[in-house]
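This report covers backbone angles and ring contacts in the structure shown below. Please keep the sequence to hand while reading.

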Amino acid sequence: MNGEPTPTRILPANECWALLRSTPFGRLALCHDGRPEIFPINFVVDHGTVVFRTSEGTKSHAAEKADAAFEVDGQYPEGTGERGGMVWSVVVKGDVATIATTSELMATVQLPLHPWESGSKDRFMRLVPETITGRAFTRTRANAPLDTDVGASSMASPASDE
C-alpha cells in the first residue's frame, strides 16, 4: 500500500440497494414546523422502496406525503477484496406516505419489520425513491476507529423509532 488515500467511489444503484438490505436501521430526515428533524428508524426494503413502522406523532405527521431523505452507512467487512475496510453511505430521496390500501397493508404486515421500541407502532409508511445515491471511501488513519461492537454493517447504534 502506497499510503495514498483511495478516491471516493460512486456506488451504482444495485449496490446501494444491496447495502440497504444489509442494514436494519438508518436515519429519516424530514421537515417539521419548517425545521429539519432526523429520526432513527428500523426498516426493510420492499420492491424498491423503504418501509418502516411508526406510531401517530411527530414523525408520521411530518412524513405524510412529504419529501424525505433517508441515510444509511456502514463498513464493508475486512476480507471483501479491494472494498474490505472501506466505509459507505447510501442516501435515498423521495416521498413518504402511509400504506393505506387493504391489499398493500396486508402484504406489508408480512414483512420482517418489528418495532424496537415498546408501544403501538401500527402505522406502516413507505418511502418511494426518486433518487438513490451512494459512495464508498477508505477511512484515513486520523479518524477514530469504528465501534466494532455494533457490527460490520453499521457505524451508528440503534435508537428508538419514534
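K65 sits in the loop between α2 (58–63) and β6 (66–75); helices (H or I, at least four residues) and strands (E, at least two) are DSSP runs, numbered from the N terminus. This is a predicted model, in which local features need pLDDT of at least 70 and side-chain atom pairs count only at pLDDT 80 or more, while totals for chains, interfaces and linings use all residues. Residues are numbered from 1 along each chain as its sequence is written, and side-chain values use heavy atoms, with hydrogens and water left out.

Most residues other than glycine have a negative phi. K65 is not a glycine, yet its phi is positive, at about 55 degrees. H47, in the loop between β4 (44–46) and β5 (49–54), likewise has a positive phi, near 50 degrees. The table gives the accessibility of these residues; exposed means over 50% relative accessible area, buried under 20%, and partly exposed in between (1.4 Å probe, protein chains only).

| Residue | Relative accessible area | Class |
|---|---|---|
| H47 | 77% | exposed |
| K65 | 70% | exposed |

The structure also holds 1 aromatic pair. The ring centres of F43 and F70 are 4.8 Å apart and the planes lie at 75 degrees, so the pair is edge-to-face. Rings of Phe, Tyr and Trp (its six-membered ring) pair if their centres lie within 6.5 Å; planes under 30 degrees apart count as stacked, over 60 as edge-to-face and the rest as tilted. F43 lies in the loop between β3 (35–42) and β4, and F70 in strand β6, 27 residues apart, and the pair thus links distant parts of the chain. F43 is buried at 4% relative accessibility, and F70 is buried at 1% relative accessible area.
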